[in-house]
Amino acid sequence: MAKQSAGAASGEGLEALLARRLREKGLRATPDRMRIFRVLARSAEPLTVRAVADRLRDDHLNITTVYRVMELFVALGIVHPVIVGHEAVGYELMAPFRPHHEHFLCAKCGRVVDIYDCPFEEAVAALSRDAGYEVTFHQMEMHGVCQACR
Ligand SMILES: [Zn+2]
Ligand SMILES: [Zn+2]
C-alpha cells in the first residue's frame with residue numbers, strides 16, 4: 001500500500017474531493033454533508049455521532065441528520081467506524097481523506113492515539129499472500145494504558 005504523508009491535502013482540497021465523490025454517485029454536496037465532513041476533517045480523534053451533533057448545535061443540525069449522513073459516508077467509504085469505548089463507536093475519515101493509521105486506546109483516560117507507519121502492514125500483506133484474502137482495508141486496535149496514565 002502506498003504511504004501518504006499526514007496532512008498532505010489542504011482542507012479545501014479535501015472538500016473538493018468529497019464533492020466529486022458525491023457527484024460521482026449522483027449525490028449533492030449539501031451544506032449539511034459538508035458541515036459534518038468539516039467537523040470530521042478538523043478532529044484529531046474519531047467522533048461519535050453525538051459529538052459531531054454537539055459541535056454543530058449552532059447550525060441547528062439534529063442528531064438524526066448526523067446519523068443519516070454518517071450512514072451515507074460509511075456506505076461510500078468516506079468514513080469508517082472505530083470502537084472508542086464500551087458501547088461507543090466513533091467515526092473518522094479514511095484514505096484518501098486521511099492517511100491510513102492504527103489506533104491505541106487507553107483504558108484509563110480513554111485517549112485514542114494514532115499510530116502511523118505501523119509494523120502490522122507486513123503481517124497483513126503476508127496474510128493476503130498466504131491465505132488468499134484480498135484485504136482492502138484493515139485497522140488494528142490496541143488496548144492498554146498510555147504513557148501518561150502508567
Ligand atoms: Zn491514558
Ligand atoms: Zn484515527
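These legends accompany close-up views of a predicted model. Residues are numbered from 1 along each chain as its sequence is written, and chains are lettered from A, with ligands numbered from 1, in the order in which they are written. In this prediction, local features need pLDDT of at least 70 and side-chain atom pairs count only at pLDDT 80 or more, while totals for chains, interfaces and linings use all residues.

**View 1. The largest nonpolar core.** This core has 17 residues, of which Ile36, Leu40, Val52, Val66, Met70 and Val79 touch the most other members. At least two residues each come from α1 (11-24), α2 (31-42), α3 (49-55) and α4 (63-75), and α4 gives the largest share, four residues. A nonpolar core is a set of buried Ala, Val, Leu, Ile, Met, Phe, Trp, Tyr and Cys residues joined through C-beta atoms within 7 Å; buried means that 20 or more other C-beta atoms lie within 10 Å of a residue's own, exposed that 12 or fewer do, and partly exposed in between, with C-beta atoms placed from the backbone. Helices are DSSP runs (H or I, at least four residues), numbered from the N terminus.

**View 2. The two sides of α2.** Arg33, Ile36, Phe37 and Leu40 are the buried residues of α2. Seen down the helix axis, they fall within an arc of 100° (taken from the directions from the axis to the C-beta atoms), so they line one face of α2. On the other side, Pro31 and Arg42 are exposed.

**View 3. The surroundings of Val79.** Leaving aside neighbours within four places in sequence, Val79 is in contact (C-beta atoms, placed from the backbone, within 7 Å) with Leu40, Met70, Phe73, Val74, Tyr91, Glu92, Leu93 and Met94.

Technical notes
Contact = placed C-beta atoms within 7 Å.
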